[in-house]
Amino acid sequence: MSNQFAIDIQGVSKRYGKDVQALDEVSLQVRPGELFGLIGPDGAGKTTLIRILATLLLADEGQATVDGWDVRKDYKQIRRNVGYMPGRFSLYQDLSVEENLTFFATIFGTTIRENYDLIRDIYGQLEPFRTRKAGKLSGGMKQKLALSCALIHKPSVLFLDEPTTGVDAVSRHEFWEMLQRLRQKGITILVSTPYMDEASLCERVALIQKGRILSIDTPANIVGSFDKPLLAIRTDDMYRLINDLRQFESTHSAYPFGDYVHLALDGPIWAEAVHAYLVGKEHTGIEIKPAEVTIEDSFMELMSKE
Amino acid sequence: MRTILFIIRKEFVQIFRHRVMLPLIFMMPIIQLIILAHAADYEVRNINLFIVDHDLSQYSSRLVGKFQASAHFNVVGSAFSSKTAFDEIQQGDADLFLEIPADFQRKLLRDNGAGLQLSVDAVNGVKAGLANAYATAIIQDFNEEIRTEALGPGAGKLPLSIASSNWFNPELNYFTFMVPGILVLLVTLVGMFLSGMNIVKEKEIGTIEQINVTPIRKYQFIIGKLLPFWVIANMELAFGLLVGWLIFDIPFVGSLWLVFGFAALYLLVVLGMGLFISTVTETQQQAMFIAWFFLIIFILMSGLFTPIESMPPWAQHITRFNPVAYFVEVMRMVLLKGSGLMDIKRHILVMLGYAMAVNGLAVWNYRKRS
């Protein structure tokens, strides 16, 4: 079966028991060589989707192909050609860095040396610790080892399930740089993350919530689809601020965003009007400024439409 | 093939990397054999006997003397009231008391018969039964003696006397009897626990996720997982037999090849059970619980501690499904009696069937994806 997409998902559904609809007719396509982000909160269905694509889980309905191979019938080919990094660290903690990597190389019928090129950037940083047990590595190093192991057989598609969860900011940044370099080597990457700020590092993203895809687009277009004036507001009493803003007549939505509350407005309203309203509500220390729309704002907007 | 070898190598590295594993594997048979073989001894010595002698005659003191002379009994005291004796039993200071009535000697001489009372603390049924049997034997012996004295030689002998001799274990040596059985437990423990725990551990810490997306085939993974423990268990058996031979002087009447041949087959059954348990559980805790459930039943009903022949018929039927019982029997048959291949043919066939059934079920139930 020829297919122009590296990953092609058509109407995939999955239930757990009676009550949990983990995936509800999900369809999405990932182009070869693309760095594709699956963005959504915990419990959105990201892990379920990746496990179905990695042939660890059978979908109830729908079809999916990876590299043209059907996830149900051709699982053997898929297992030979994809790399998978589960959300939880899944290497042998009692084996050393090198033993882990050698083990995974061998079961794929290859050697570290054969594919060293691909992992040089990543594994290179680990080599000084190659006799250390995997269980004794720091979070960032564990993640690098897991990525090396997922890459050692030169996969054409790489599935990364929340690779940066529980990793410090510097390591997260490094990790995304590694992904960019891997993309340049032609590997298709599907990465899931609950962090909205990581979405902008992907070529395209799918926003997923409660097992349904809300939107698939480039980060820029998703941000661009947000068409309302947006203000960042801060006062001395943040808790009361949100409640007051939600009662303001022109408010479209108000939600906490870092140290500020982001206020989306229906129609062109001046910041002065909001200021006057808050003064009327006896707020002090009022700070109001125009906010730059981020993907998180778009996501909040899409979620509220659901 | 290369993949299997590599998985096996990885398993061995992991098993022996744990610092306690290697010493434990060699200490376990020694400790278990030495402690269990000495402790699991059914011979009852030092039974505490309390005497209530209301007669205080020549005959009654001769009877008490016979008890004192016996290796089985310790006379711990005497009194004139059965209530005192009963209190001794209550406090655990005496295991039984013998009450001799006041007119014991007179009745024996006049009526040609007299009554005695033995009261045995039967909280421990095995000990009570043996104490009773030993005491009865001593009283019978005494009976014969006084009849001979009174009626002349020959009169005391009962018309039929039974002399028994113990074959294959002439001295009724308990070590000879217990050690081969205890080795079976050891091998079972290694096979069922280590293998089952090992696979569940991969589930528990999530490594199985990573393994399942590789091209490793189901049979490669299972063989790679089970073979190391098969080897270790066989080595345990060899080492245990060596210890048994050196320390307990266990006879090796039959062929060792036969013992190891049967062990090889038996281990397939046990490992298969471990594998099956690992497929139906998610955590090591669950696996441990289920493995113990079966192991306790298997061990208590294996004929190692209590003879299968003395179990009620329904229980005897259950033991037919107990692999441990088969191996205990084979070990005793081959090592003590020198049974050959044809003698244990039935055992081999049952194990073969068992191995295929258990492993078939386990492999069928093992899933790389849900």
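Over all chains, a search of the whole structure finds 14 aromatic pairs; rings of Phe, Tyr and Trp (its six-membered ring) pair if their centres lie within 6.5 Å, and planes under 30 degrees apart count as stacked, over 60 as edge-to-face and the rest as tilted. This is a predicted model, in which local features need pLDDT of at least 70 and side-chain atom pairs count only at pLDDT 80 or more, while totals for chains, interfaces and linings use all residues; side-chain values use heavy atoms, with hydrogens and water left out. Residues are numbered from 1 along each chain as its sequence is written, and chains are lettered from A and ligands numbered from 1 in the order in which they are written.

**Aromatic pairs**
- Phe103(A) and Phe104(A) form an edge-to-face pair, because their ring centres are 5.3 Å apart and their planes stand at 80°.
- Both Phe103(A) and Phe104(A) are buried (under 20% relative accessible area, with exposed over 50% and partly exposed in between, for a 1.4 Å probe and protein chains only).
- Phe221(B) and Tyr366(B) have ring centres 5.8 Å apart and planes at 25°, so this pair is stacked.
- Because Phe221(B) belongs to helix α9 (residues 218-248) of chain B and Tyr366(B) to the segment after α14 (345-365) of chain B, the pair ties together parts 145 residues apart in sequence.
- Phe221(B) and Tyr366(B) are each buried.
- A cluster linked by ring pairs contains Tyr92(A), Phe103(A), Phe104(A) and Phe6(B).

**Charges over rings**
- Lys142(A) lies over the face of Phe89(A), 5.3 Å from the ring centre; the criterion is NZ of Lys or CZ of Arg within 6 Å of the ring centre and within 35 degrees of the ring normal.
- Arg172(A) places its charged end over the ring of Tyr195(A), at 4.0 Å from the centre.

**Helix packing in chain A**
- Helix α4 (residues 116-124) of chain A packs with helix α5 (residues 139-151) of chain A at an angle of about 170°, and their axes are 9 Å apart.
- Therefore α4(A) is roughly antiparallel to α5(A) (angles over 145 degrees).

**Chain A as a whole**
- Chain A has 10 helices and 14 strands, taken as DSSP runs (H or I, at least four residues, for helices; E, at least two, for strands).
- Of the 306 residues in chain A, 52% are buried.

Key. Axes are lines fitted to C-alpha atoms, for helices over the stretch in contact, and angles run from 0 to 180 degrees between N-to-C directions. Angles under 35 degrees count as roughly parallel, over 145 as roughly antiparallel, 65 to 115 as roughly perpendicular and the rest as oblique.
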